[in-house]
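Please go through this structure with the chain in view.

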Amino acid sequence: MNRVITAIKAQKKNHDRVSIFLDGEYGFGLSRIVAAWLHVGQTLDEKKIESLLASDASEVAYAKALRLLDRKPRTAKEISSRLAEGGFTADQAQMVLQRLQDSGLIADENYARQWVENRNQMHPRSRKLIALELKQKGIANEVIDQVLEDSSSDEELAMQAAVQYARKIRSEDRMDFRKRLSAFLARRGFTYGTIAPVVQQVWELRESEKPSS
């Protein structure tokens, strides 16, 4: 059954959307971009209405994805998961992801490189633990392997992390110092083979910096 657009009114609570009235009654809401080519007096059949509503759902999903990206960088998997939580279909999420990728707004490789750089500079941890974090965020294994090729070695990362944390250890007891620093590095994902020599080096460095009596 064909219906006639009798009014198009801006929504008071959301200026980016309009209300479409059909045959004198409220029909549905649309984003302005979807409703741009509609006009009063235009006739809509059921197929056209379904198409408009589908396009609107995609625009709403896209707007939500942009808001998520405004807050912080996200992977494709994170965007998809948040859209699913918002009630959007897998097809709608895929369309949104494609738009974002085409416009360069999301790229998992760039995200992964930024993640590795941030971890290495601010919170050093083992390459294995970083790989696990990226995998949990939905980054493909081949991308993880690629970005980690340029990462610092575990020995370098462990030393950086150890030097940072050692400043917090006030204990002068060698065994207590080794125990606490070793436990910290283990939590950062480093193996014993990496931890032992690093802890020894940091202890010796600490001792060498003490003023002579």
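The model is predicted. The protein has ten helices and four strands. Read from the N terminus, the order of elements is β-β-β-α-β-α-α-α-α-α-α-α-α-α. The C-alpha trace spans about 95 × 35 × 25 Å along the principal axes. The radius of gyration of the protein is 28 Å, whereas a compact globule of 213 residues would have one near 17 Å. Of the 213 residues, 38% count as buried. When contacts between residues at least 6 apart in sequence are considered, 53% of them join residues at least 24 apart.

The strands can be followed from strand 1, residues 3-10. Strand 1 pairs with strand 2, residues 17-22, in the antiparallel sense, over five bridges. Six residues lie between strand 1 and strand 2, and the two strands form a hairpin. Two of the facing positions can be named: Ile5 stands opposite Leu22 of strand 2, and Ala7 stands opposite Phe21 of strand 2. Strand 1 is also joined to strand 4, residues 43-44, by two bridges, again with the strands antiparallel. In that pairing, Arg3 has Leu44 of strand 4 as its bridge partner.

Strand 2 also pairs with strand 3, residues 25-31, in the antiparallel sense, here over six bridges. Val18 has Leu30 of strand 3 as its bridge partner. Strand 2 and strand 3 form a hairpin with two residues between them, and Asp23 in the turn has a positive phi of about 55°.

How many of the six residues of strand 2 are buried? Six of the six are buried, so strand 2 is largely enclosed by the rest of the structure. In a regular strand, side chains alternate between the two faces of the sheet. In strand 2, Arg17, Ser19 and Phe21 lie on one side and Val18, Ile20 and Leu22 on the other, and all of these are buried, which leaves both faces covered.

Phe21 leads on to the aromatic rings. A pair of aromatic rings is described by the distance between the centres and the angle between the planes. The protein has four aromatic pairs by the rule applied here. In one of them, the ring centres of Phe21 and Tyr26 are 5.9 Å apart and the planes stand at 80°, so this pair is edge-to-face. Tyr26 has a relative accessible area of 46%, so this residue is partly exposed. Tyr165 and Phe184 form a stacked aromatic pair, with 4.0 Å from centre to centre and 5° between the planes. Tyr165 belongs to helix 8, residues 154-166, and Phe184 to helix 9, residues 174-187, so the pair ties together parts 19 residues apart in sequence. Tyr165 and Phe184 are both buried.

Charged side chains also lie over ring faces. Lys9 lies over the face of Phe21, at 4.9 Å from the ring centre. Arg99 lies over the face of Tyr62, where the distance to the ring centre is 3.7 Å.

Two further positions belong to the helical part of the chain. Asn120 is in helix 5. The relative accessibility of Asn120 is 11%, so this residue counts as buried. Leaving aside residues up to four places away in sequence, Asn120 touches Ile130, Ser151, Ser152, Leu157 and Gln160. For Leu157, the C-alpha atom is separated by 6.8 Å from that of Asn120, although the two residues are 37 residues apart along the chain.

Is Ser126, the other position, buried or exposed? Ser126 has 1% relative accessibility and therefore counts as buried, the cut-off being under 20%. Ser126 is found in the loop between helix 5, residues 108-122, and helix 6, residues 127-136. With residues up to four places away in sequence left out, Ser126 touches Asp154, Arg188, Gly189 and Phe190.

Note on methods:
Residues are numbered from 1 along each chain as its sequence is written. This is a predicted model: local features need pLDDT of at least 70, side-chain atom pairs count only at pLDDT 80 or more; totals for chains, interfaces and linings use all residues. Side-chain values use heavy atoms; hydrogens and water are left out. Two strands pair if DSSP finds at least two bridges between them. Rings of Phe, Tyr and Trp (its six-membered ring) pair if their centres lie within 6.5 Å; planes under 30 degrees apart count as stacked, over 60 as edge-to-face and the rest as tilted. Buried means under 20% relative accessible area, exposed over 50%, partly exposed in between (1.4 Å probe, protein chains only). A charge sits over a ring if NZ of Lys or CZ of Arg is within 6 Å of the ring centre and within 35 degrees of the ring normal. The radius of gyration is taken over C-alpha atoms; the globule rule is 2.2 Å times the number of residues to the power 0.38. Contact means heavy atoms within 4.5 Å.
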